[in-house]
Amino acid sequence: MANLSRSDRRTAPSQGDFQYCPRCRTELALGVHGGRERLGCPKCGFVHWRNPVPVVGAIVERAGRVVLVHGVGRPPHWYGLVAGFLETAETPEECALREVKEELGLDATTGGFIGIYPFERLNQIIFIYHVLLSAGEITLAADELDDYKEMPIERIKPWPQGTGPGLRDWLATRGFHPQFADFGTPQD
Ligand SMILES: [Zn+2]
């Protein structure tokens, strides 16, 4: 509990939090639970721990290029990694390969584990893998994605938040050290 000031800032309730108890519908109240101020239910004892949500991102490589995808409804210049939420009983590595199959319509094999990156703005913890994409034509998951590009590794510029630091670290293993791209808005 030595770093309570930082912890308090991180756990402060925000717009996306519960207002009512998901168990008994009583209005939640701030209190100290597990050494930090959090929302809890005064009636049934439910605590909104607000632990980070695990997310997996895949650096999808094929023939010296990385596949970057564009999400439906995103600003036009926001291309990112294939990524998604971990399912119950799934390992992060399995999740990376499943997301590639779902989003790009092709099988992939694991290239390596890159690292784990906290993403405070969305309260996520992101596992990044490098995967190798099979041959064949990419078919996007039309409900999620509306475009993709296969970027030569030497032209990729990572972004400062979310999956970006993992991409930066992978690029460094290939001998590339580009500056973060400044999109002017948070990336996830
Ligand atoms: Zn309750």
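Lys43 is placed in the loop between S2 and S3, where strands (E, at least two residues) and helices (H or I, at least four residues) are DSSP runs that are numbered from the N terminus. This is a predicted model, in which local features need pLDDT of at least 70 and side-chain atom pairs count only at pLDDT 80 or more, while totals for chains, interfaces and linings use all residues. Residues are numbered from 1 along each chain as its sequence is written.

Lys43 has 14 other C-beta atoms within 10 Å and is therefore partly exposed; a residue is buried if 20 or more other C-beta atoms lie within 10 Å of its own, exposed if 12 or fewer, and partly exposed in between, with C-beta atoms placed from the backbone. Once its neighbours within four places in sequence are left aside, Lys43 is in contact with Cys21, Cys24 and Thr26, a contact being a pair of residues whose C-beta atoms, placed from the backbone, lie within 7 Å. The C-alpha atoms of Lys43 and Leu28 are separated by 9.0 Å, although these residues are 15 residues apart along the chain.

## Glu27

A separation of 9.0 Å also applies to the C-alpha atoms of Glu27 and Lys43, which are 16 residues apart along the chain. Glu27 itself belongs to the loop between helix H1 (4-11) and strand S1 (29-33), and it is exposed because 12 other C-beta atoms lie within 10 Å. When residues up to four places away in sequence are not counted, Glu27 touches Gln19 and Tyr20.

## The three-stranded sheet

Three strands form an open sheet in the order S1-S2-S3, with antiparallel pairing, where two strands pair if DSSP finds at least two bridges between them. S1 and strand S3 (47-48) stand at the edges with a single partner strand each, so one side of each is left without a neighbour in the sheet. Strand S2 (residues 36-40) and S3 run antiparallel and are joined by two bridges; the bridge partner of Leu39 in S3 is His48.

## Positive phi at two alanines

Ala63 lies in the loop between strand S4 (53-62) and strand S5 (65-71), and its phi is near 55°, a positive value in a residue other than glycine. Ala63 counts as exposed because it has 9 C-beta neighbours inside 10 Å.

Ala89 is found in the loop between strand S6 (82-85) and helix H2 (92-104), with a positive phi near 65°, again in a residue other than glycine. With 6 C-beta neighbours inside 10 Å, Ala89 is counted as exposed.

How values were computed
Two residues are in contact if their C-beta atoms, placed from the backbone, lie within 7 Å.
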